[in-house]
Amino acid sequence: MSEPAVAAKPAVSPYNRNQPYSAKLKENRGLNQKGSSKDTRHISIELGSHGPTYVCGDSLGVLPRNPDGLVQEFLEKLGLAGDASLKETVASTLILNRAGKKFVKAVAEKAHGPARDKLQSICADEKKLDEYVFDRDVVDVLLDAPGTKFDPAEIPNLLNKIAPRLYSIASSPDHEAGHVHLTVAVVQYTTHGRPKQGLASGYLARLAAQNSVPVYVQPTRHFHLPPPDRDIIMVGPGTGIAPFRAFLQHRQKHGHSGRNWLFFGDQHAATDFLYGDEFNAAQKTGRLHKLSTAFSRDQAAKIYVQHRMQEEGAELWKWLEKGAYFYVCGDAKRMAKDVHAALVEIAARHGGKTPEQAEEYVSVTLAKTEKRYLKDVY
Ligand SMILES: Cc1cc2nc3c(=O)[nH]c(=O)nc-3n(C[C@H](O)[C@H](O)[C@H](O)COP(=O)(O)OP(=O)(O)OC[C@H]3O[C@@H](n4cnc5c(N)ncnc54)[C@H](O)[C@@H]3O)c2cc1C
Ligand SMILES: NC(=O)c1ccc[n+]([C@@H]2O[C@H](COP(=O)([O-])OP(=O)(O)OC[C@H]3O[C@@H](n4cnc5c(N)ncnc54)[C@H](OP(=O)(O)O)[C@@H]3O)[C@@H](O)[C@H]2O)c1
């Protein structure tokens, strides 16, 4: 029952987080319809014939930059906006959208009058400091302490360093040669009267065609497609859909005979069915054998992917008994745990197991022994 997942690995890439490849943005379009509360973007990046290569299941590492406006605002507040070298260092290497404790403590030291008293009392209490930094960026902190000045050389040591972000690849390498697609949920919120954006998701959302973007491929260790004749069940709500779009493209391109079953969920069918046209078309042509959707906010009570799994429990169990691989991608904190619990319940109800046997079957037999319960969760 446990054939290894197909892992056609390319040669080791010369590109990595310390030495990224300078790729070009090809396309950046919204996937949500008007009226949605979300902004999820389809990002296509040109890797060309010399860039990194990938297989389905890999992730793309992106090295983001801060928005020019935020860099300018920060340096103006410090009276350092004229320093071009510092401007570039700040833009490309230092985190501005989330204030760190070291920065707040340094500002508290330099502040004067009531601002100094306020910030110093916050810094003296770890819990208050946690709360203070949780929803502030560096400009929010400087607005609390007007007139703060630092020596330009001090700045790089006061702010946390930018680290790359990973995005699950949403295309098959054979779909459009030399290109990679991503599905990116833009993190955005307003706190202390100022709009904020996630560092990397905001960076990607701002990119226009032909802009360069530093990237590298982070190969997956385990999230591979199975042998071509095996069935797959894919659970990918929200941006969790990304690797499954890649899987479906790949299986279609190469004529894999295994059946494909997709569970997708998001807020509203009318505005948030990411790549809905593609999946509906794939179902019509028979490439996608089953499509189960859970639109959480189209009715009074929430409906999630795990509820659809339970409704289809008998059929899902039959697929598993025939050797199907079970994949889950997306939110690790809540969704993946609930999907795991639903899978255990299905094994108990439809597999005639006690709760303990069902847990053992899912967590040990499926996941570890047969390696056909695979997760890409974050
Ligand atoms: C293997 C892997 C695959 C991934 N695949 C994808 C993918 O396919 N698509 C995708 O979109 N993401 C994916 N991610 C997540 C992605 O890497 C980033 O973490 C995500 O885009 C957020 O990064 P950011 O730089 O935009 O936000 P950051 O600048 O890191 O900010 C995010 C932080 O902002 C804070 N925040 C958010 N809302 C609020 C609020 N209202 N008030 C105060 N603070 C708030 C939270 O603390 C949150 O942690 C993946 C992650 C991993 C590890
Ligand atoms: N670990 C994390 O912190 C994390 C992980 C993933 C995404 N996010 C953030 O969330 C935002 C949107 O992400 P996304 O577009 O990928 O979608 P998402 O927020 O994960 O939501 C996709 C769908 O999953 C539903 N959902 C919520 N809780 C669930 C649960 N316990 N089980 C199953 N489904 C559940 C949502 O319903 P409702 O919203 O109606 O409840 C929605 O219909 C982004 O800003 C992203 O950065 C954070």
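The legends below describe close-up views of a predicted model.

**Figure 1. Overall architecture of the predicted protein.** The protein has 378 residues, of which 39% are buried. Its secondary structure consists of 15 helices and 13 strands. Along the principal axes, the C-alpha atoms fill a box of roughly 70 × 50 × 40 Å. Among contacts with a separation of 6 or more, 76% join residues 24 or more positions apart. The chain is divided into domain 1 (21–63 + 165–218), domain 2 (68–158) and domain 3 (232–377).

**Figure 2. The parallel sheet β11-β10-β9-β12-β13.** Five strands make up this open sheet, and their pairing is parallel. Strands β11 (290–295) and β13 are at the edges; each has a single partner strand, so one side of each lacks a neighbour in the sheet. From one strand to the next, the twist averages 10°. At one end of the order, β10 (residues 260–266) is joined to β11 by 6 bridges. Within this pair, Phe264 has Thr293 of β11 as its bridge partner. Strands in a sheet are held in pairs by backbone hydrogen bonds, in either a parallel or an antiparallel arrangement.

Figure 3. Tyr325, Tyr327 and Cys329 point one way from the strand. Phe326, Val328 and Gly330 point the other way, and these too are buried. Strand β9 (residues 232–235) runs parallel to β12 and is joined to it by 4 bridges. In this pairing, Ile233 stands opposite Phe326. β12 also pairs in the parallel sense with β13 (residues 373–377), over 5 bridges. Here Val328 has Lys375 of β13 as its bridge partner.

**Figure 4. Contact between domain 1 and domain 3.** The C-alpha centres of these two domains lie 24 Å apart. Across the boundary, 21 residues of domain 1 are in contact with 20 residues of domain 3. On the domain 1 side, strand β5 (residues 179–185) gives the most, with 4 residues. By class, this side of domain 1 has 7 nonpolar, 12 polar and 2 charged residues.

**Figure 5. The shell around ligand 1.** Ligand 1 is surrounded by 21 residues. The closest are Tyr189, Gly198, Ala200, Ser201 and Tyr378. Two or more residues of the shell come from each of β4 (165–168), β5, β6 (188–191) and α8 (199–206). The shell divides into 10 nonpolar, 9 polar and 2 charged residues.

**Figure 6. The shell around ligand 2.** Ligand 2 has 24 residues around it, and the closest are Gly238, Thr239, Ser296, Tyr304 and Arg334. The elements that give two or more residues to this shell are β10, α12 (305–311) and α14 (335–351). Strand β10 is also a member of the parallel sheet in Figure 2. By class, the shell around ligand 2 has 8 nonpolar, 8 polar and 8 charged residues. Domain 1 and domain 3 each supply at least three residues to the shell.

Technical notes: Residues are numbered from 1 along each chain as its sequence is written. Chains are lettered from A and ligands numbered from 1 in the order in which they are written. This is a predicted model: local features need pLDDT of at least 70, side-chain atom pairs count only at pLDDT 80 or more; totals for chains, interfaces and linings use all residues. A residue is buried if 20 or more other C-beta atoms lie within 10 Å of its own, exposed if 12 or fewer, and partly exposed in between; C-beta atoms are placed from the backbone. Two strands pair if DSSP finds at least two bridges between them. Domain bounds come from an automatic or database domain assignment. Two residues are in contact if their C-beta atoms, placed from the backbone, lie within 7 Å. Ala, Val, Leu, Ile, Met, Phe, Trp, Tyr, Cys and Pro count as nonpolar, Asp, Glu, Lys and Arg as charged, and the others, Gly among them, as polar. A residue is near a molecule or strand if its C-beta atom, placed from the backbone, lies within 6 Å of it. Axes are lines fitted to C-alpha atoms, for helices over the stretch in contact, and angles run from 0 to 180 degrees between N-to-C directions.
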